[in-house]
Amino acid sequence: MKTFDVYKLWPIEPVKATGSKVLDKDGQEYLDLYGGHAVISIGHGHPHYKKMLNDQIEKLGFYSNSVQNSLQTELAVKLGNLSGYPDYSLFLCNSGAEANENALKLASFVSGKRRVVSFKGAFHGRTSGAVAATDNPNIVSPFNSGHEVTFVPMNSISAVEAELSKGDVAAVIIEGIQGVAGIFSPDSMFLKELSLLTKRLGVLLILDEVQSGYGRTGNFFAHQQAGIKPDMITTAKGMGNGFPIGGVLISPEIKAEYGMLGTTFGGNHLACAAAIAVLDVIESENLIQNAAEIGAYIIGKLQEIKLELPGRISGIRGRGLMIGIEMESGYTEVRNRLLFEDHIFTGGAKSNIIRLLPPLMITKEDADRFLKCFKAQLTK
Ligand SMILES: Cc1ncc(COP(=O)(O)O)c(C=O)c1O
């Protein structure tokens with residue numbers, strides 16, 4: 001058997017990693033400004049993370065959700081306290097798509113309605129409801145297209161209101177910052193209005209923080225910059241630093257019923273140990289503050305480069321360590337040369353946006369190395 005060929009692969013095989021550095025099988029070191037697609041939050045191979053996972057596997061790797069698991073409770077309390085949502089409850093699953101799927105399902109259960117409002121450019125994952133709420137017809141199969149989803153332009157409160165006032169909408173789902181679309185932030189004022197509007201009309205507001213959450217933007221969740229409190233918040237990627245885990249933070253106004261949601265693997269012992277270790281390190285190493293500071297430094301320097309070298313960069317967007325550099329010219333060459341000549345991993349979006357999604361622990365030296373190489377590549 002061979003693997004189903006759905007990924008376009010770089011000709012590089014990482015075999016070891018520490019902090020922000022990845023080693024390939026030939027011993028070449030790379031600076032990781034991609035974080036395995038925004039997944040590596042506390043850095044590769046953190047000693048506390050390794051110890052928590054090793055200790056847990058020695059004790060118990062897995063048992064089902066039909067028995068007590070105090071690791072889930074510990075995780076829920078720590079996540080509630082660190083994120084500023086101590087009164088919310090936590091449903092654990094295995095990925096970002098599943099987190100969104102469960103949030104949409106719960107909104108539909110609670111409201112008794114089926115239509116969802118999503119935004120142009122949105123990406124919410126590849127399970128049935130999540131992909132239906134994703135604005136990319138190429139990845140929506142006929143099987144997924146039976147869901148009732150309406151896409152409206154981001155930052156247009158009148159477009160949202162026009163849909164919600166029809167009375168048949170269960171939920172509005174929005175990313176904290178749109179990632180796959182190329183790093184587009186909803187305006188704070190729009191989020192405030194959206195929060196008030198959904199509350200007024202009794203529609204549930206779901207904040208997808210799968211990519212933008214877990215400290216990446218300098219807040220625990222990106223939407224917190226706007227001072228709003230959604231009904232549900234979905235999370236995954238940085239939550240387990242590579243161990244698959246996702247979650248839905250659920251407002252106390254939504255009541256659980258036995259059997260309403262469920263999963264075999266979600267919240268298993270190893271996943272909880274990984275996620276607890278991540279929160280320990282985010283807190284003890286002040287990684288949210290680091291993301292804010294290093295991110296602001298990188299964005300500031302990129303703006304200088306943009307002015308110094310006209311015609312190369314058309315936009316710099318994002319917050320903290322979720323940064324989009326829209327290229328006016330040379331996107332593919334610059335990204336390839338950063339990878340193969342300078343040995344720096346970056347992410348991409350669309351056909352012209354470089355996405356930086358590094359571990360939250362990167363240093364000013366890491367940032368300077370990237371900035372120097374990036375500027376040099378732009379002048380070639
Ligand atoms: C905003 C957002 N939501 C959901 C997902 C889906 O997450 P997963 O791939 O873990 O299912 C992603 C993945 O890139 C994402 O960026």
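Angles between elements run from 0 to 180 degrees and are taken between N-to-C directions, with axes fitted to C-alpha atoms. All views show a predicted model.

View B. In general, strands of a sheet pair through backbone hydrogen bonds.

**View C. Helix 9 packs against helix 11.** Helix 11 covers residues 364-378. The two axes come within 10 Å and cross at roughly 20 degrees. Angles under 35 degrees count as roughly parallel, so helix 9 and helix 11 are roughly parallel to each other. Their crossing is right-handed. Helix 9 brings I294, Y297, I298, K301 and I305 to the contact. Helix 11 answers with K364, A367, L371, K375 and L378. By class, this contact has seven nonpolar residues, three charged ones and no polar ones.

**View D. Helix 2 packs against helix 8.** Helix 2 runs over residues 47-59 and helix 8 over residues 269-284. Their axes come within 9 Å and cross at roughly 155 degrees. Angles over 145 degrees count as roughly antiparallel, so helix 2 and helix 8 are roughly antiparallel to each other. The crossing is right-handed. On the helix 2 side, the contact residues are H48, Y49, M52, L53, Q56 and I57. On the helix 8 side, they are H269, L270, A273, A274, I276, A277, V278, D280 and V281. This contact divides into 11 nonpolar, three polar and one charged residues.

**View E. Strand 1 and strand 2 form a hairpin.** Strand 1 covers residues 14-18, and strand 2 covers residues 21-24. The strands run antiparallel, and four bridges join them. P14 has D24 in strand 2 as its bridge partner. Two residues separate the strands. In the turn, G19 has a positive phi of about 60 degrees.

**View F. Strand 2 also makes a hairpin with strand 3.** Strand 3 covers residues 29-32. Strand 2 and strand 3 pair over three bridges in the antiparallel sense. V22 stands opposite Y30 of strand 3. Four residues lie between these strands. In this hairpin, G27 takes a positive phi near 85 degrees.

**View G. A shell of 14 residues surrounds the ligand.** The closest residues are S95, G96, A97, G125 and V210. Helix 4 (residues 96-111) supplies three residues, the largest share of the shell. By class, the shell has five nonpolar, seven polar and two charged residues.

Notes:
Residues numbered from 1 in each chain as written. Predicted model: local features only at pLDDT ≥ 70, side-chain atom pairs only at ≥ 80, totals over all residues. Near = placed C-beta within 6 Å. Nonpolar A, V, L, I, M, F, W, Y, C, P; charged D, E, K, R; others polar. Parallel < 35°, antiparallel > 145°, perpendicular 65-115°, else oblique. Left-handed = near helix turned anticlockwise from the far one by under 90°. Contact = placed C-beta atoms within 7 Å. Pairing = 2+ DSSP bridges.
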